[in-house]
Amino acid sequence: MNYLDEFKKFITSHYLHTGVRLTFGAVIPCLIFHHYGVLGDYIAFPLGTLLIGVTDNPGPFVRRRNSILVAILTCCFVIFVTGFLRHIHFAVFAEIVLFGMLFSLVGVYGNRVNSIGLISLLVFVFNIDDHLSGESVWRNACIFTAGGFWYLILFFVVQKLRPYKLIQQLLGENFVELGKLLSIKAGYYFAKPDYDELFNQIIHQQVILRENHENLREILFKTREIVAESTNKSRILMLMFLDSIDLFEQILNSQQNYANLHRAFDDSKVLRLFGTYISWLAAEIQQIGIAVQSGVSSRPKHDLDEAFNKCQSAFERMRQDRMTHENMEDYIMLRQILNSLKDITERVKKLHRATTYDTELGQQHRMDVELENFIPKREYHPRILLDNLSLKSSHFRHALRVTIALMIGYLVSMFFDFGHGYWILLTIVAIMKPEFSITKQRNLYRIAGTALGALIGFLTLYLSEDNTVHFVLLMIAMILAYSFLKINYFVASASITVYVLLWFNFLNPQNISTVLIDRVIDTIIGSVIAYFISAYVLPVWEHTQINQYMKAALIANRKYFDHVAATFTGKKLSINDLKLYRKDAIIAMANLSDNFQRMLSDPKKQQLQMEEYHQFVATSHMLTSYIASLSTYAQNEGDAYIFEEFEPMIRQIDRQFQSATGIIDGSSQNGPEVMRESLPQNKKLLELLTMRKKEIKEMGIEKSQQSPARKALSTLKTINGLFELISTITIDEIKILQKITPAKAIS
């Protein structure tokens with residue numbers, strides 16, 4: 001994607017829309033208050049608008065509305081308690097313990113509740129300090145609450161005017177990220193690919209797509225208008241999302257032994273031609289994403305039919321000139337890639353048409369899944385909170401770290417004369433996350449962003465005394481701050497610092513130098529406290545949690561495999577169950593990848609057996625990909641290839657899965673025995689292979705094209721090859737796990 005497309009993606013994204021909504025929601029009341037000369041007295045109003053607005057995460061209308069109301073009530077309660085007790089230091093310490101633990105621990109209920117807890121902690125910190133909260137607690141609470149309800153009104157208005165806009169933005173972003181994934185895949189087809197770098201990019205992209213899919217599932221499947229299919233637009237949006245999931249699986253299906261591909265075809269131009277065409281398809285998908293975000297129809301950039309025909313013609317010519325009975329298997333592999341590209345091409349053409357919201361296309365859409373099974377489930381029972389009151393819980397440890405850091409920060413602000421000491425606590429709350437790697441990254445971004453923002457703010461005030469210029473820059477900084485808050489914390493930190501300095505300059509220009517110095521010093525102090533507490537107080541390192549993610553990936557892949565493989569033994573394939581198992585496998589794979597990526601940011605001494613873990617993540621990705629490929633054949637060809645030879649193969653692979661999970665649990669007793677067992681040979685395949693080689697040798701390639709054995713062999717060879725690959729990879733995972741847990745492995 002070029003810079004112009006990246007710019008289009010950003011300006012049509014929900015991130016920018018959120019930044020604009022929050023900025024204007026806060027600034028409009030400020031202009032009114034400033035006009036009447038009461039801005040200083042009512043500063044809690046825009047603060048309430050901004051903080052309550054930050055809790056508004058993407059999701060179904062009802063959940064967003066409820067979370068905003070809960071946030072308003074919770075913050076109002078915190079203001080009352082903090083306001084009445086802030087002059088009693090003992091009470092403040094008690095509040096730090098209570099609020100620090102409670103509002104950090106509620107993260108067990110998911111991101112939405114975690115956002116409410118985070119904002120409630122920020123409100124608590126703001127109201128510790130008399131500079132901001134004022135003397136009248138009741139008045140301050142009412143003004144803040146009014147600001148929160150003002151944001152709620154804005155939310156209702158925007159939702160009423162553009163009910164599908166958020167869905168379009170998230171769906172468009174999903175297509176853009178899907179296009180990036182396919183673009184990375186294209187890199188495997190060009191000369192001298194860097195396999196490790198491409199793999200790292202793929203797992204990063206799959207983590208992003210996992211998060212997008214979860215958000216979209218929650219919104220689409222829980223929104224009554226969408227599920228009820230009441231309008232053509234809602235049907236098309238649902239169709240595009242379901243097609244994007246199938247397209248994601250199709251991209252997974254394209255996994256090949258790329259080293260063998262390059263060995264066989266590097267001397268020809270066919271791989272480069274395939275790679276170029278895949279890059280074109282990736283660009284088309286990203287173009288579709290931008291169009292969906294913008295709410296306009298998309299047009300193909302390239303003639304896809306002509307480009308595909310060129311790839312097919314190049315393959316046919318090369319096969320005609322160079323294929324023999326000895327290298328026939330290489331050409332079967334290339335044919336599989338071509339078939340996959342054909343499927344992707346047809347889906348892309350269909351998606352281009354979908355962006356026009358064609359009524360005929362919308363009427364063709366039929367739901368073939370039970371939506372209830374695909375909606376992310378979230379329980380809010382108090383038992384979940386109580387179950388996490390243990391040092392074994394990473395959430396409880398995080399809550400303890402936040403509480404201790406806040407107590408240290410409050411003590412520092414008490415014993416040292418800082419004009420805005422509460423900024424130390426704000427920094428701690430904003431930076432600290434359950435994962436050390438994220439805390440470390442946000443720490444660096446916070447310090448660097450604050451320094452850059454302070455420099456920009458100082459230069460702005462030094463070079464210009466024009467309040468209009470200051471106001472315009474303040475608006476731009478606010479929009480950037482809340483647009484980048486969840487995607488680039490460095491830019492967000494710099495922008496927040498700029499607009500805070502300009503804001504204080506409007507309120508009290510005489511003390512702006514003090515504010516500038518306090519901002520930098522308090523941020524550094526808070527960052528140092530947050531870093532050391534995260535690193536040395538009950539830290540939770542990623543390598544201590546990866547076993548549960550590896551086991552979850554193995555279990556999900558086994559269920560996915562068993563359901564798909566059963567088709568080749570005569571059992572009917574349930575599309576609903578297939579998509580459910582596919583979803584679980586992809587989520588488990590993305591969770592494992594995400595955990596491994598976070599391990600890379602842990603201290604070096606905590607990065608244990610990284611090579612083995614990297615190998616396991618790589619094999620898990622290949623395993624899911626090959627099962628996805630097998631599922632394609634199960635859906636399209638399963639009824640025609642039901643052979644009893646597959647049953648012992650399935651049983652053998654299941655024993656391998658069981659052995660792998662047993663090693664993680666420390667209960668495996670048959671690892672070496674399972675690895676020594678070879679996968680049973682497929683007699684039907686051997687018969688067809690012998691027959692086909694004989695035909696080619698006796699009749700030649702051209703005359704043998706019409707042989708019934710040709711298509712049967714190609715498909716059965718691929719299906720059998722996928723079973724063999726799945727078996728080989730599970731054995732590789734057993735070997736890797738035995739290296740990771742040598743004490744548990746039975747030698």
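Tutor: Let's start with burial: a residue is buried under 20% relative accessible area, exposed over 50%, and partly exposed in between, using a 1.4 Å probe and protein chains only. This is a predicted model, where local features need pLDDT of at least 70, side-chain atom pairs count only at pLDDT 80 or more, and totals for chains, interfaces and linings use all residues. Residues are numbered from 1 along each chain as its sequence is written, and side-chain values use heavy atoms, with hydrogens and water left out.

Student: Okay, so is R582 buried or exposed?

Tutor: R582 is buried, because its relative accessible area is 5%.

Student: Which residue does R582 form a salt bridge with?

Tutor: General idea first: side chains of opposite charge can pair when their charged atoms come close. The rule here asks for a side-chain nitrogen of Lys or Arg within 4 Å of a carboxyl oxygen of Asp or Glu. R582 has D246 as a partner, with the closest N and O atoms 3.1 Å apart. R582 sits in helix 26 and D246 in helix 12 (residues 232-253), so this pair ties together parts 336 residues apart in sequence. D246 is buried too, at 14%.

Student: How many salt bridges does a search of the whole structure find?

Tutor: The search gives 26. One of local reach is R598 with D594, whose closest N and O atoms are 2.9 Å apart. These two are four residues apart in helix 26, so about one helical turn separates them. R598 is buried at 13%, and D594 is buried at 18%. There's also a network: salt bridges with shared partners join D243, D246, E249, R347, K350 and R582.

Student: What does L592 touch, leaving aside its neighbours within four places in sequence?

Tutor: Contact means heavy atoms within 4.5 Å. L592 lies in helix 26 (residues 575-599), and its contacts beyond those neighbours are I546, Y549, M550, A553, F616, V617 and S620. At 1% relative accessibility, L592 counts as buried.

Student: And a whole helix? Which residues of helix 13 are buried?

Tutor: In helix 13 (residues 258-265) they're Y258, L261, H262, A264 and F265. They span an arc of only 165° around the axis, so they're on the same side of helix 13; that arc is taken over the directions from the helix axis to the C-beta atoms. The helices they pack against are helix 9 (165-186), helix 10 (195-222), helix 14 (270-294), helix 15 (304-322) and helix 16 (328-354).

Student: Last one: how many disulfides does the count come to?

Tutor: A disulfide is a covalent bond between the sulfur atoms of two cysteines. The cut-off is a pair of cysteine sulfur atoms within 2.5 Å, and the count is zero. Take C142: the closest cysteine sulfur, in C76, is 6.8 Å from its own, too far for a bond.
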